[in-house]
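I opened the structure to look up a few side chains and their surroundings. My notes follow in the order I took them.

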Amino acid sequence: MAKMRVGLLFGGCSGEHEVSIFSAQAIARGLELKSNAEKYDVVPVYIRKDGAWVMDAYDVLKSGSPLLVADDQEVLATERIPTQVANIDIWFPVLHGPSGEDGTIQGLFELMQMPYVGCGVLASAVGMDKLAMKSAFAQVGLPQVKYMEVLRSQVYSNPCVFPKLCDDIELTLGYPCFVKPANLGSSVGIAKVKDRQDLEAALDNAASYDRRIIVEAGVVAREVECAILGNDNPKASVIGEISFDADFYDYETKYTSGQADLAIPASLPADIVTAIQEQAVKAFQAIDGAGLSRVDFFYLEDTGEVLINEINTFPGFTATSMYPMLWKAAGVEFDQLVDRLIQLGLERTARKS
């Protein structure tokens with residue numbers, strides 16, 4: 001029986017390019033283990049930071065280093081997407097952030113009528129946009145922290161408008177609060193603000209990344225996460241907890257070894273575990289998720305409240321990332337997990353046809 005050609009698509013044009021390479025390396029190793037090697041051939045396809053696609057990018061996958069644009073690599077300049085993509089049986093998009101996790105690449109796969117791993121166009125787009133995500137959560141009654149929407153035009157327009165905007169944020173949310181671009185991942189552009197000066201600077205910085213900004217009230221809480229796996233009948237993993245010494249879970253803390261501690265499973269009351277798992281599944285279904293997602297929560301220990309923070313439709317996927325570690329704690333090994341995700345992608349395509 002012929003092996004299935006899996007197009008491992010990684011890199012991309014977002015600020016999470018390097019993280020994507022690390023995730024792709026881990027997934028490739030999982031697919032090359034004996035249990036999967038008899039079923040799949042991995043075809044690494046790399047998207048450079050300038051958007052050009054590089055077929056058979058084994059060197060990038062092996063080195064873990066981005067491919068710099070050079071004269072001898074301009075062969076794809078007239079063929080942004082190579083014709084060889086037609087030989088792929090299923091795509092495994094390992095792209096984090098804009099142009100990869102936001103429905104863009106999923107729309108291309110849909111247009112090409114090719115199966116792929118993970119969430120579809122709608123779920124990816126809603127899951128990437130924090131404001132759209134929060135609206136979807138509100139529709140199904142999931143409790144959240146208080147937040148406000150801010151537009152870049154409000155930050156950059158009439159100087160008389162900006163002080164009034166800051167006044168409204170202070171009155172509605174107070175300090176500390178968090179300022180975030182609506183459409184970036186890995187904590188890029190996010191700031192924790194403690195006073196008016198911080199707020200003004202954070203809004204200006206966030207507006208440089210995105211035209212839509214979200215400002216959230218700060219809470220004193222434990223940060224816990226739940227992994228989801230499945231299509232129409234998604235399953236929730238055990239719960240994991242993140243602890244760190246930094247002011248908040250920023251980019252450096254996420255991706256620097258030793259900066260954060262993961263507790264799996266988290267030490268939580270049984271009823272809280274059940275509540276988080278149920279809410280995670282509800283959030284996944286609210287955005288019409290498929291394949292996988294990681295759902296993040298705040299647990300307010302003093303009041304017993306569980307507040308949903310966000311959903312990530314393609315979370316970090318290294319062997320030490322929270323998503324695969326949560327499933328490993330539930331008895332699903334890394335090679336089994338990537339195999340299951342491919343099967344879910346094929347199942348989703350078959351269901352649509």
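**Entry 1: Gln 144**

I began with the contacts of Gln 144. Leaving aside neighbours within four places in sequence, I found Gln 144 in contact with Lys 134, Phe 137, Ala 138, Leu 307 and Ile 308. I note here that this is a predicted model. Gln 144 sits in the loop that runs between helix H6 (130–139) and strand E5 (147–151). Is Gln 144 buried or exposed? Its relative accessibility is 17%, so I count Gln 144 as buried; the cut-off for buried is under 20%.

A polar atom of the Gln 144 side chain lies 3.1 Å from the backbone oxygen of Lys 134. I then followed Lys 134 to a ring. Lys 134 lies over the face of Tyr 147, at 5.2 Å from the ring centre.

**Entry 2: annotated positions**

I checked the UniProt record. The entry is unreviewed, and its "binding site" annotation covers Asp 296 and Glu 310. I took Asp 296 to start with. Asp 296 is placed in strand E12 (residues 291–300). With 7% relative accessibility, Asp 296 counts as buried.

Which residues does Asp 296 touch, not counting those up to four places away in sequence? I listed Val 224, Glu 225, Ile 308, Asn 309 and Glu 310. I also noted a polar contact between the side chains of Asp 296 and Arg 294, at 2.9 Å.

Then I turned to Glu 310. I found Glu 310 in strand E13 (residues 305–312). Glu 310 has a relative accessible area of 17% and is buried. Leaving aside neighbours within four places in sequence, Glu 310 is in contact with Lys 130, Met 133, Phe 137, Arg 294, Val 295 and Asp 296. The two annotated residues therefore turn up in contact with each other, as the list for Asp 296 includes Glu 310 under the 4.5 Å cut-off for heavy atoms.

I also compared lists with the previous entry. Phe 137 is among the contacts of Gln 144 and among those of Glu 310. Ile 308 is among the contacts of Gln 144 and among those of Asp 296.

**Entry 3: aromatic pairs**

How many aromatic pairs does a search of the whole structure find? I got eight. One of them is Trp 53 with Trp 91, an edge-to-face pair at 6.1 Å centre to centre, with 80 degrees between the planes. Trp 53 is in strand E3 (residues 53–54) and Trp 91 in strand E4 (residues 90–94), so this pair ties together parts 38 residues apart in sequence. Both Trp 53 and Trp 91 are buried.

I looked at another pair, Phe 109 with Tyr 116. That pair is tilted, with 5.4 Å centre to centre and 35 degrees between the planes. Phe 109 and Tyr 116 are both buried. I also noted one aromatic cluster, made up of Phe 92, Phe 314, Phe 317, Tyr 323 and Phe 334.

**Entry 4: cysteines**

I searched for disulfides and found zero. A disulfide needs the sulfur atoms within 2.5 Å. Cys 166 has 0% relative accessibility and so counts as buried. Cys 13 is partly exposed, with a relative accessible area of 47%.

Notes
Residues are numbered from 1 along each chain as its sequence is written. This is a predicted model: local features need pLDDT of at least 70, side-chain atom pairs count only at pLDDT 80 or more; totals for chains, interfaces and linings use all residues. Side-chain values use heavy atoms; hydrogens and water are left out. Helices (H or I, at least four residues) and strands (E, at least two) are DSSP runs, numbered from the N terminus. Buried means under 20% relative accessible area, exposed over 50%, partly exposed in between (1.4 Å probe, protein chains only). A polar contact is a pair of N or O atoms within 3.5 Å; within protein, one must be able to donate a hydrogen and the other to accept it, and residues adjacent in sequence count only if both atoms are side-chain atoms. Rings of Phe, Tyr and Trp (its six-membered ring) pair if their centres lie within 6.5 Å; planes under 30 degrees apart count as stacked, over 60 as edge-to-face and the rest as tilted. A charge sits over a ring if NZ of Lys or CZ of Arg is within 6 Å of the ring centre and within 35 degrees of the ring normal. UniProt positions are given in the numbering used here, feature names are shortened, and annotations may be inferred rather than shown by experiment.
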